[in-house]
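Q: I am new to this structure and would like to learn how to read its features one at a time. May we begin with the meeting of the chains and then turn to the interior?

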Amino acid sequence: MGEPMAEPGGKRGGRRKCEERWKLPERAFRRAATSALTYEVMRWGLALRRVFGLSRHSLEAASLLAEFGLGQVGMAFGRGRVSGLGRRRPVIWTSAFAPTELLYALDLVPFSPEIASAAIASIGLSGKMLNIAEDHWYARDSCSFHRCAAGAALEGYLPRPDALVAASHLCDGAPKLFGNLARALGAEFYLIDTPWVTGGGAGDARDTRDAGHAGDAEGAEDTEDGGGAFRDALEYYARQLEALAYALAHRFNRRVDMSRFARAIEFSNEARHYAIEVNKLKKRKPCPVLGAEVLGFVAALFWGFGTRDVVRIYKRLYEEVLARAEGRAEARQGWAGKGRIAQGDGDGEGAPERHRLLWMHLKPFYPNGLWRKMEVELGARIVFDEFSRIYWDEMDPERPFESLARKALSHFGYGRIERRIDAALQAVDEYSIDGVIHFSHWGCRQATGGVWAIKEALKARGIPMLVLDGDCVDGRNYSEGQVMTRIEGFLEML
Amino acid sequence: MIAAGVDIGSLSAKAVLLNVDRGQILGYSIMPTGASSRDVAERVLAEAARRAGVDVGKVGRVVATGYGRIAVPFADRKVTEITCHARGAYHLFPRTRTVIDIGGQDSKVIRIGKDGRVVDFVMNDKCAAGTGRFLEVMARALEVNLEDMGRLSGLARERLAISSMCTVFAESEVISLIAEGRPKEDIIRGLHDAVSERVAGMAERVGLEDSITMTGGVAKNDGVVRSLEERLGVKISRPEEPQIVGALGAALIAADG
């Protein structure tokens, strides 16, 4: 099929430029990419730029987050010899929704191959890793977050794991991939099995709201039929977490120190608190922050909860967004109402807020001009995205395993589709949303399976929904012109 | 005042000139897009002006649409073909609630409300199945003229199924059918059924509502329209020149100011 002559969005050179930028000899590149020193140097570079006000991030919190990520990766590659005190710290690969609090409490280094895939895509290298995975029989219709990670892992681009932990929540593919990689890389694999509860409890999202109301887990226990089943599931999950903690402690010569667990939970609670406050600020009109500026914080959610760093990151984010919302002079003006927008590669006047959109699922991470064009040029702001939702209640530091189990089972994507629908409808109300875009990531069964039901529910409320088929990591089939036509057509419709 | 709509599609460029005061089409032109959207945009507008007998300089507002809309430097506004096709079809047939547009690279089903506004739409995914390009490739494989396909499929005796949706694989399926000695007419009908099956699926997604208007180059193919009508169990309206509906919609939007 012929490529369109011109691609609205204009950043057609983006990916190619990135590939050229990385045209280093293969061996030199590999050595650099797998050296802790590289990440430490990058982290220091970012930190220095931030301190001297030269950061390219429009939010300081985003820079802090990047520094945190680089620090973690550096630690994973250097096994603590660079960042830590020279003591070897085991690296544990975790899937999204595996409880990182538990790993931080055990002084282990979590590493998320799924986030690594997003990062690899963002520097324009996912095509290479995907090709490698496909050469190893990973089917092209499987999730590219996993396929890209598999390719990178098989080529030795990721830090070697000492163990892998996957939760069968929400994604069914992760345990299979992790199990497979554990075998290929000769590491131990731990599965956290998430039971499916069909009763009233886990299927009811009435109260899974940001503001920290009693979560549905609480409500569930009151209902007669669902309650018992939910309590059983909770206990089953909590016991698995406890067993996992002891197994990892035994395997890696750690002590299960309840005070460390309590501290990790407290950090998690604090970060949660600031994340909720940030979300409250997004309800303002106009929204004080661009969706493109904050979607990356999903990495903190999957990777950093349970650390002091992430508390600091979310606190800074809250302060910065608040400063913008209040129009304070010291606010870093990434975007200030109708004012300037400084997004990475260029400053310019942006369009005022014309539409308030809810984005469902993740966005493409490979270089593209999609969100910039939408939010800055067309004034269609991604006010809220599904993964920014803080869906769980404050946790009890005294009961870490039960709390973490409750957190996992509170997720709106767990259980019946009604939970996800209710979460979407609630976001529509709370954030004054006038249109919803569902990015149906290729190969993501859990997310795309319910699209029809979500669309129907939104239609009943008079909220239009655009279902965009695409891929978050695999940019090989991406055509910005085609995607933009759908988005622009949708915006014209609103 | 004269308003113009320019629709730069993947295969052909269209322009419509409209007398704003009388709401009357003054002239239009259609030509292959070729390798430069920018050049063809100027040429197609000049040709439409020549046919209308007006001076291009007299054209007031211009709205560009289609994939090449971004490359029309003289456009006052750029609007997607989704909105433009809906607007054009609604103008021609005010009772239209569903627009089926099959162009060179895209096929789409648009549902419109009573006031003519777009309510919902779906477009084909990144694949040429069910588009004009699909039929073009098959016409070449069968050594028939694209324009004759509609007529030839009317002569078909047997219902052949083309199961492959991928243009490349469907082409080899067609070649095997030719090798088996199947008549061209039957194969063409099978191809039309494959297109209509694909488009009917999209119509199902947005929810089909009467009455239905078909636009885009493929609407000129009686075989596809017949197959769609059979499959959907409805009558489909077609404008005299279905290819210019997008450009017409753009001209109407330009006329709005």
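Q: How much area do chain A and chain B bury between them?

A: The size of an interface is often given as the accessible area lost when the parts come together. In this predicted model, chain A and chain B bury about 2200 Å² between them, and 54% of that area is on carbon and sulfur atoms. Chain A contributes 25 residues to the contact and chain B contributes 29 residues.

Q: How many salt bridges does the rule find across the interface of chain A and chain B?

A: The rule finds two salt bridges there. One pair in a salt bridge is A:E488 with B:R69, whose closest N and O atoms are 3.4 Å apart. Across the interface of chain A and chain B there are also seven residue pairs in polar contact, with both residues at pLDDT 80 or more.

Q: Which element supplies the largest share of the side of chain A that touches chain B?

A: That element is α22(A), which supplies ten residues. Both β10 (465–470) and α22 (480–493) of chain A supply at least two residues of this side. Sorted by class, the side of chain A that touches chain B has twelve nonpolar, seven polar and six charged residues.

Q: Which residues does A:T485 touch, apart from those up to four places away in sequence?

A: A:T485 is placed in helix α22 of chain A. With those sequence neighbours not counted, A:T485 touches B:Y67, B:R69, B:T80, B:E81, B:I82 and B:M123. A:T485 has a relative accessible area of 0%, so it counts as buried.

Q: Let us turn to the interior. Why is helix α8 of chain A described as largely enclosed by the rest of the structure?

A: A residue is called buried when its relative accessible area is under 20%. In helix α8 (residues 144–154) of chain A, ten of the eleven residues are buried, so the helix is largely enclosed by the rest of the structure. The cover over the buried residues of α8(A) includes β1 (91–94), α6 (113–122), α7 (126–135), α9 (173–185) and β9 (435–441) of chain A. After α8(A) comes A:G156, which has a positive phi, near 80°.

Q: Where does A:L158 lie, and is it buried or exposed?

A: A:L158 lies in the loop between α8 and β3 (163–167) of chain A, and it counts as buried at 8% relative accessibility. From C-alpha to C-alpha, A:L158 and A:F77 are 8.0 Å apart in space, although they are 81 residues apart in sequence. Leaving aside neighbours within four places in sequence, the contacts of A:L158 include A:F77, A:W93, A:F111 and A:P113, as well as A:A149, A:A152 and A:A153.

Q: How many aromatic pairs does the structure hold over all chains?

A: It holds 19 such pairs over all chains. The rings of A:Y274 and A:Y318 have centres 6.0 Å apart and planes at 40°, so this pair is tilted. A:Y274 belongs to helix α13 (residues 258–282) and A:Y318 to helix α16 (residues 308–325) of chain A, so the pair ties together parts that are 44 residues apart in sequence.

Q: Why is the pair of A:F384 and A:Y431 called stacked?

A: The ring planes are at 10°, with the ring centres 4.1 Å apart, so the pair is stacked. A:F384 lies in strand β8 (residues 380–385) of chain A, and A:Y431 lies in the loop between α19 (417–430) and β9 of chain A. A:F384 and A:Y431 are both buried. Elsewhere, ring pairs link A:F297, A:F305, A:Y314, A:Y391, A:W392 and A:F412 into a cluster.

Key: Residues numbered from 1 in each chain as written. Chains lettered and ligands numbered in written order. Predicted model: local features only at pLDDT ≥ 70, side-chain atom pairs only at ≥ 80, totals over all residues. Heavy atoms only, no water. Contact = heavy atoms within 4.5 Å. Buried area = accessible area lost by both parts, 1.4 Å probe. Salt bridge = Lys/Arg side-chain N within 4 Å of Asp/Glu carboxyl O. Polar contact = N/O pair within 3.5 Å; in protein donor to acceptor, adjacent residues only side chain to side chain. Helix = DSSP H or I, 4+ residues; strand = E, 2+ residues; numbered from the N terminus. Nonpolar A, V, L, I, M, F, W, Y, C, P; charged D, E, K, R; others polar. Buried < 20%, exposed > 50% of the residue type's maximum accessible area, 1.4 Å probe, protein only. Phe/Tyr/Trp six-rings, centres within 6.5 Å; stacked < 30°, edge-to-face > 60°.
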